[in-house]
Amino acid sequence: MAEAHQAVAFQFTVSPEGIDVHLSHVALKQVYLSGLHSWKKRLGRLQNSFVTGVYPASPASWVFVAGTILLAQFWRLDPSMGLIGKIQEHLPGRGYLSEPTQAALCALAFATVLWLALILTMRSILKLLLSYHGWMYEAHGKMSHTTKVWLALVKIFAGRKPMLYSYQACLPRLPVPTIHDTMQRYLESVRPLLSDLQFQRMAALARDFEHSLGPRLQWYLKLKSWWASNYVSDWWEEYVYLRGRGPIMVNSNYYAMDFLYVTPTPIPAARAGNAVYAILLYRRLLSQEQIKPLMVPGTLIPLCTAQWDRVFNTTRLPGEGQDRIQHVSDSKHIAVLHAGRFYRLRLYHSGRLLRPRELQAQFQHILDDPTPPVPGEEHLAALTAGDREPWARARRTYFGSGKNQQSLEAVERAAFFVTLDTTEQGLTGPDPGRALDRYAKALLHGQCHDRWFDKSFTLIIFRNGKLGVNAEHSWADAPIVGHLFEYMLATDAFQLGYDVNGHCKGEMDPDIPPPQKLQWEIPEECQQVIQGSLRVAQALADDIDFHTFPFKQFGKGLIKKCHTSPDAFIQIAIQLAHYRDKGKFCLTYEASMTRLFREGRTETVRSCSIESCNFVRAMMDPAQNPQQRLALFRVATEKHQALYRRAMTGAGIDRHLFCLYVVSKYLGVDSPFLKEVLAEPWGLSTSQTPVQQIELFDLKNHPDYISCGGGFGPVDDNGYGVSYIIIGEDLLTFHVSCKISSPQTDAHRFGAHIRSALLDLLALFSLGPK
């Protein structure tokens with residue numbers, strides 16, 4: 001094989017005259033360029049670590065401080081108040097240095113200590129400033145004098161030209177709410193869901209917990225909050241994700257969709273070439289920390305960026321009892337799956353990234369390869385779609401040595417995974433509405449054996465040039481993958497582009513070796529395990545009902561004219577739709593981020609509140625007039641915004657209760673209250689997909705060039721999953737999922753209720769789509 005030939009740097013033969021060595025200059029050049037590339041990356045990381053480590057100061061500020069101290073010494077001034085002299089008295093090797101040299105060294109030592117002290121002081125002040133959240137509770141456009149002063153101080157201490165991780169050390173820690181506050185907020189959240197008798201019973205359990213076991217568990221939690229960077233995140237990753245033994249396909253993984261109305265090229269190899277190249281450009285920016293730190297939209301308030309660490313080169317590895325996340329520092333290849341065959345595609349040649357046209361040729365070679373999969377290879381990826389225990393045992397038994405180990409490492413240590421899908425997706429066929437539903441299901445689970453669900457993300461390229469992403473959830477939350485996906489789409493469409501024939505632009509080197517087909521030897525026993533995982537995954541996939549639809553009647557622009565939050569407007573509409581669908585209220589989960597704090601991930605907004613239920617009842621009561629309904633709507637949306645702010649600022653309910661439960665398990669004590677709370681089903685799970693880089697898209701001139709968001713599977717067997725994205729001023733897109741086996745749910749029926757609820761809410765304001 002060409003790649004095997006070029007990998008040999010030298011050959012030798014033994015003859016009577018001695019050993020004859022034959023060097024391959026081409027291979028030696030590749031070895032040299034590869035090593036040079038690696039050392040450049042290491043030096044770049046070292047430099048970035050230093051610059052980030054001294055933030056909000058800069059390395060240049062040390063020169064200023066040191067120069068000032070040395071200048072003062074020259075003018076025989078002592079800004080150290082005698083400390084430089086004390087340092088000089090204890091300077092080792094004084095006898096070998098002249099007096100001026102000793103003075104200069106001691107001055108530099110003092111300047112360095114002073115500089116470090118200033119950095120710590122600035123960082124502490126900035127951390128204290130970022131702990132203030134009063135700005136979030138002020139009316140839009142009305143800023144108090146306190147907030148104005150606070151904002152001016154943030155600008156002063158926030159530093160200049162921050163890199164991606166510059167603010168990490170300045171972010172405050174997630175606070176632990178008091179037991180009393182959490183109990184009160186919990187009881188308030190369940191009041192509209194329980195009868196009087198049920199509520200009295202739950203209130204008694206909460207009071208007993210608050211005054212008996214709660215304080216003991218809280219003490220351990222406070223101790224952890226002082227010691228760890230975040231008292232929630234590591235336990236959340238371990239217990240919610242990595243200890244789950246069921247399939248991660250559908251139950252944990254989520255997806256993101258391509259442009260809704262536009263496909264830049266119908267050639268799949270070309271689309272893959274541009275998309276992969278754009279992702280690699282993003283990876284380069286990430287490794288150089290040149291991605292701008294994320295901020296709360298419209299503010300100077302930084303968000304935690306710790307989750308970006310594991311975007312690439314990351315895989316969830318199955319384990320018996322618990323999975324683990326493997327992250328390697330660098331990877332120079334991607335793994336590709338097409339028609340049941342696995343390939344290793346090298347990303348570098350002659351010390352540089354492959355160009356889009358070269359990547360297209362690589363993908364086209366895979367598409368044209370007539371080699372059939374070996375026995376067991378075609379459905380191998382189903383192991384990642386089924387239950388975790390069989391996959392863990394199979395990995396240990398059949399993939400621990402030889403070809404299987406080498407090939408599996410090529411997949412697991414790849415930068416990311418690419419599937420060249422054999423189907424066509426998007427707005428195709430005679431029924432575009434149903435086509436979007438099929439598109440969603442193709443991204444969420446596919447055929448259950450054509451995605452490597454363990455990879456941090458799988459880029460999926462369909463036969464007609466449409467694409468999407470399936471992402472594993474344990475290592476990070478959806479906004480992180482969304483940020484990458486937005487960059488990839490914008491770079492593909494607006495920077496790289498295609499020629500008139502739909503091919504990638506640019507030139508290519510014909511000497512680049514083709515992708516390497518991975519080799520497997522899968523015994524019959526392992527094939528049986530694979531088929532068992534496939535049956536489990538297919539049963540799960542076949543039970544998923546999906547309805548994805550764009551809502552074009554109005555969008556954020558008209559909602560803002562109602563003087564309310566677009567998210568609150570949509571959440572109240574979903575509550576109304578759910579009541580119309582099932583005739584009852586249910587425990588509702590809305591994901592909110594806690595990235596105002598170091599290593600923060602998410603918190604739950606319990607969107608079904610007393611106020612939202614009062615409004616829904618008024619909408620269902622024909623005796624209520626529009627003015628009464630509108631007044632109740634205002635109260636409900638204000639309450640929702642208050643709940644969202646609480647969640648964002650560390651005053652939520654569910655992560656605190658979850659951690660208290662974990663502590664109780666470590667202590668070996670049972671809490672009837674915690675056990676009952678954590679067993680409550682989330683009948684409605686919702687999430688907004690944020691558009692984070694709207695500046696990359698020209699929605700005025702190219703309104704169709706925007707992703708229509710993504711979705712996830714239902715959390716409860718008898719419930720709904722609802723994801724939505726607010727696109728520009730005039731478009732909303734919804735992704736609704738549920739179980740077909742449930743007699744209580746129907747995704748299309750619920751989607752119709754959401755549409756009508758949105759229109760009914762807008763009618764309260766006597767506004768309507770033009």
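## Surface, interior and sheet

In this predicted model, Leu-71, Phe-74, Trp-75 and Leu-77 make a nonpolar surface patch of about 520 Å². Of these residues, Phe-74 lies in helix 3, which covers residues 59–74, and Phe-74 counts as exposed because its relative accessibility is 62%, where exposed means over 50%.

Leu-674, in helix 23 (residues 672–678), counts as buried because its relative accessibility is 0%, where buried means under 20%. Leaving aside residues up to four places away in sequence, Leu-674 touches Phe-209, Leu-217, Leu-657, Leu-660, Tyr-661 and Ser-664. Although Leu-674 and Phe-209 are 465 residues apart along the chain, their C-alpha atoms are separated by 8.5 Å.

The model also holds an open sheet of 8 strands with mixed pairing, in the order 13-7-6-10-11-12-3-18. Its edge strands, each pairing on one side only, are strand 13 (516–517) and strand 18 (710–712). Within the sheet, strand 3 (residues 254–257) pairs with strand 12 (residues 467–471) in the antiparallel sense over 4 bridges, and Tyr-255 stands opposite Asn-470 in strand 12. Two helices that pack on the sheet are set out below.

| Helix | Residues | Strands touched | Angle between directions |
|---|---|---|---|
| Helix 15 | residues 432–444 | strand 3, strand 11 (457–461), strand 12 and strand 18 | about 130° with strand 3 |
| Helix 16 | residues 478–496 | strand 3, strand 11 and strand 12 | about 160° with strand 12 |

Technical notes:
Residues are numbered from 1 along each chain as its sequence is written. This is a predicted model: local features need pLDDT of at least 70, side-chain atom pairs count only at pLDDT 80 or more; totals for chains, interfaces and linings use all residues. Side-chain values use heavy atoms; hydrogens and water are left out. Two strands pair if DSSP finds at least two bridges between them. Contact means heavy atoms within 4.5 Å. Axes are lines fitted to C-alpha atoms, for helices over the stretch in contact, and angles run from 0 to 180 degrees between N-to-C directions. Patches are made of residues with over 30% relative accessible area and no salt bridge: like charges are joined within 9 Å, nonpolar side chains (Val, Leu, Ile, Met, Phe, Trp, Tyr) within 5 Å. Accessible areas come from the Shrake-Rupley method with a 1.4 Å probe; for residues, only the protein chains shown count as cover. A salt bridge is a side-chain nitrogen of Lys or Arg within 4 Å of a carboxyl oxygen of Asp or Glu. Buried means under 20% relative accessible area, exposed over 50%, partly exposed in between (1.4 Å probe, protein chains only).
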